[in-house]
Amino acid sequence: MCGGRGTRLDAPVEKPLVDICGRPMLDRVAAALRDSSVESVRAVTSPHTPNTRDRAADLGLDPIEAPGDGYVSDLGFALDRVTRPVVTVVADLPLVAPEHVDAVVSAADGGAATACVPVELKRALGASVDDALVFDHEGTAVCPTGLGVVGPADAEAGTPTDTDTDTHPTMYLSTDTRLALNVNRPTDIALAEDRCE
């Protein structure tokens with residue numbers, strides 16, 4: 001998913017093209033997906049990210065041009081154009097690794113899964129937290145990382161709010177700091193760069 005405006009980051013380039021340790025976030029996420037068990041990689045762009053669309057094409061990612069009406073809307077648009085189950089990941093998760101992708105796919109077990117991290121971990125790192133996405137999981141405040149699997153019967157990818165696995169994805173809870181670093185604000189760039197491999 002790489003079609004958002006990225007207004008909180010206020011970068012001189014489109015958000016997915018922001019360099020982390022010398023490589024655009026889009027390139028880093030695409031490499032992690034390609035080195036994982038997923039079969040093919042697509043980039044969901046929008047009119048807000050024309051340079052990202054061009055970069056995705058250069059990387060052989062076969063872009064899906066969504067309307068740019070917001071994450072949920074664009075995700076739904078993209079899901080109508082691919083075969084499920086499908087791994088979804090946001091372009092601002094630059095430290096995602098193949099083993100993260102494979103662990104979430106395994107947790108989904110043919111259904112749906114969403115990777116989350118404890119909010120306390122993000123705050124301890126100094127990473128930005130979108131309070132609108134925070135929810136309780138068994139007494140712990142958690143938030144989605146932007147990595148998940150949408151199962152074949154799911155109408156849309158959502159944030160789990162209870163334990164009904166028929167309608168909500170399996171929770172993959174991680175304390176890996178690489179999954180806790182979404183680059184949403186300028187301070188998140190430095191945090192991610194400090195942890196590059």
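I call a residue buried under 20% relative accessible area, exposed over 50%, and partly exposed in between, with a 1.4 Å probe and protein chains only. I start with Cys2: at 4% relative accessibility, Cys2 counts as buried.

**Ground rules.** I am reading a predicted model, where local features need pLDDT of at least 70, side-chain atom pairs count only at pLDDT 80 or more, and totals for chains, interfaces and linings use all residues. Residues are numbered from 1 along each chain as its sequence is written, and side-chain values use heavy atoms, with hydrogens and water left out.

**Disulfide.** I take a disulfide to be a pair of cysteine sulfur atoms within 2.5 Å. How many disulfides does this rule give? I count one. Cys21 and Cys196 form the disulfide, with 2.0 Å between their sulfur atoms. I looked up the torsion about their S-S bond: it is about 105°, so the disulfide is right-handed.

Next I placed the two partners. I number helices (H or I, at least four residues) and strands (E, at least two) as DSSP runs from the N terminus. Cys21 is in the loop between strand 1 (19-20) and strand 2 (23-24), while Cys196 is in the segment after helix 6 (186-194). The pair links distant parts of the chain, 175 residues apart.

**More on Cys21.** Is Cys21 buried or partly exposed? I find 35% relative accessibility, so Cys21 counts as partly exposed. I also checked its backbone. Cys21 has a positive phi of about 55°, although it is not a glycine.

I went back to Cys2, which is in no disulfide. Its nearest cysteine sulfur belongs to Cys196 and is 19 Å away.

**Backbone entries.** I looked for a cis peptide bond and found one joining Arg84 and Pro85, with omega of about 5°. Where is Pro85? I place Pro85 in the loop between helix 3 (71-79) and strand 5 (86-89).

I then read the phi of Asp62. The angle is positive, about 50°, although Asp62 is not a glycine. Asp62 lies in the loop between helix 2 (50-58) and strand 4 (64-65).
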